[in-house]
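The sequence and the structure are shown first.

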Amino acid sequence: MGISERRTHPPVSNRALEKEYRKKKKAPDGEQLKGLSKRTDLTTRQVESWFRQRKASETLSQLQKFSETGWRFFYYTAIFIYGLWAVSSKSWFYDTKECWRGYPLHAVDRDMWWYYMLELSFYWSLLISQFFDVRRKDFWQMFTHHVTTILLLTLSWMDNLVRMGSLVLIIHDVADVFLEAAKLARYANKPKLCDAFFIVFAVVWIISRMFIYPYVYVMIPLFLPFLLSTRCPLMVSGLYFCC
């Protein structure tokens, strides 16, 4: 497929330079550079070269990036298909009022239990592996994302909001399939295929995240508890609900 697996080898081991690199992750300058040069008996140019090579050695090869993306693509595809199969057989997939009718006395079926546990396990694995993997530029952004996702999944499970949570998971997973597919095409040096997948991703993301999610799973449920408790017919945003 023409995917490069070339990766920069780490420089010759040097405790003083390694200690300084771990502090700032970048080459020193000015007096600090001269000080390191004296301590290590290296020229300033050699010190700068060591830091450049050390930083480059932490960069993943194209093949490694392709492998990581392939794993995520497989997961998102599999979990979306499984989630769609499991939730499509439930009444709340077709009528979101069922997410609230009888709440919180909702039984959790075995397929829903597995759906939640698989999603929760995946995000726990992403969170933990961050500390053992190559440190990325977006480390803290992804750390915050993973922690927030785990908290939302855990709290929705504790509050028995599994019905609504399962719908939200499907809405969020569907676009990720095409995003990872676009990345795979990019790492495989297929720019046209990458562009095609990215266009599909953008369309699916806009429809799922900006229309379906806020309208069906945020705005309407705000009115449903009132509707279910009063049992009065009411029109909300052009849709009639009669409880």
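Leaving aside neighbours within four places in sequence, with which residues is Tyr82 in contact? Tyr82 is in contact with Asp111, Trp114 and Tyr115, where contact means heavy atoms within 4.5 Å. Tyr82 is found in helix 4. Between the C-alpha atoms of Tyr82 and Trp114 the separation is 9.8 Å, although these residues are 32 apart in sequence.

The model is predicted, so local features require pLDDT of at least 70 and side-chain atom pairs pLDDT 80 or more, whereas totals for chains, interfaces and linings use all residues. Residues are numbered from 1 along each chain as its sequence is written, and side-chain values use heavy atoms, with hydrogens and water left out.

**Overall organisation**

Eight helices and two strands make up the secondary structure of the protein chain; helices (H or I, at least four residues) and strands (E, at least two) are DSSP runs numbered from the N terminus. Along the sequence the pattern reads α-α-α-α-α-α-α-α-β-β. The chain has 243 residues, of which 36% count as buried; buried means under 20% relative accessible area, exposed over 50%, and partly exposed in between, with a 1.4 Å probe and protein chains only. The chain exposes about 15500 Å², of which carbon and sulfur atoms supply 64%, with areas from the Shrake-Rupley method and a 1.4 Å probe. Of the contacts between residues at least 6 apart in sequence, 71% join residues at least 24 apart.

**Nonpolar cores**

A nonpolar core is a set of buried Ala, Val, Leu, Ile, Met, Phe, Trp, Tyr and Cys residues joined through side-chain atoms within 4.5 Å. The largest one has 28 residues, and Val87, Met112, Tyr115 and Tyr123 have the most contacts inside it. At least two residues of this core come from each of helix 4 (62-87), helix 5 (110-129), helix 6 (139-158), helix 7 (162-187) and helix 8 (191-230). A second, separate core has six residues, including Leu17, Leu36, Val47 and Trp50. Tyr123 touches Tyr76, His145, His146, Thr149, Ile150, Leu153 and Asp173, residues up to four places away in sequence not being counted.

**Selected helix residues**

| Residue | Relative accessible area | Class |
|---|---|---|
| Thr69 | 1% | buried |
| Ser156 | 12% | buried |
| Tyr82 | 22% | partly exposed |
| Val147 | 28% | partly exposed |

Thr69 is found in helix 4 and touches Glu180, Lys183, Leu184 and Tyr187, not counting residues up to four places away in sequence. Ser156 is found in helix 6; with neighbours within four places left aside, Ser156 is in contact with Tyr116, Leu161 and Val162. Val147 is also found in helix 6. Its C-alpha atom is 7.3 Å from that of Leu127, 20 residues away along the chain.

The structure holds one cavity of 30 Å³ or more. On a 1 Å grid over the protein atoms alone, a cavity is a set of points where a 1.4 Å probe fits but cannot get out, and lining residues have an atom within 4 Å of a point. About 60 Å³ of space lies in the largest cavity, the volume being the space filled by probe spheres set on the points. Its lining consists of Trp92, His106, Ala107, Val108, Asp109, Met112, Asn160, Leu161, Val162 and Arg163. By class, six of the lining residues are nonpolar, two polar and two charged; Ala, Val, Leu, Ile, Met, Phe, Trp, Tyr, Cys and Pro count as nonpolar, Asp, Glu, Lys and Arg as charged, and the others, Gly among them, as polar.

Conventions
1 Å grid on protein atoms, 1.4 Å probe; cavity = no way out; pocket = protein on both sides within 12 Å on 5 of 7 lines; lining within 4 Å.
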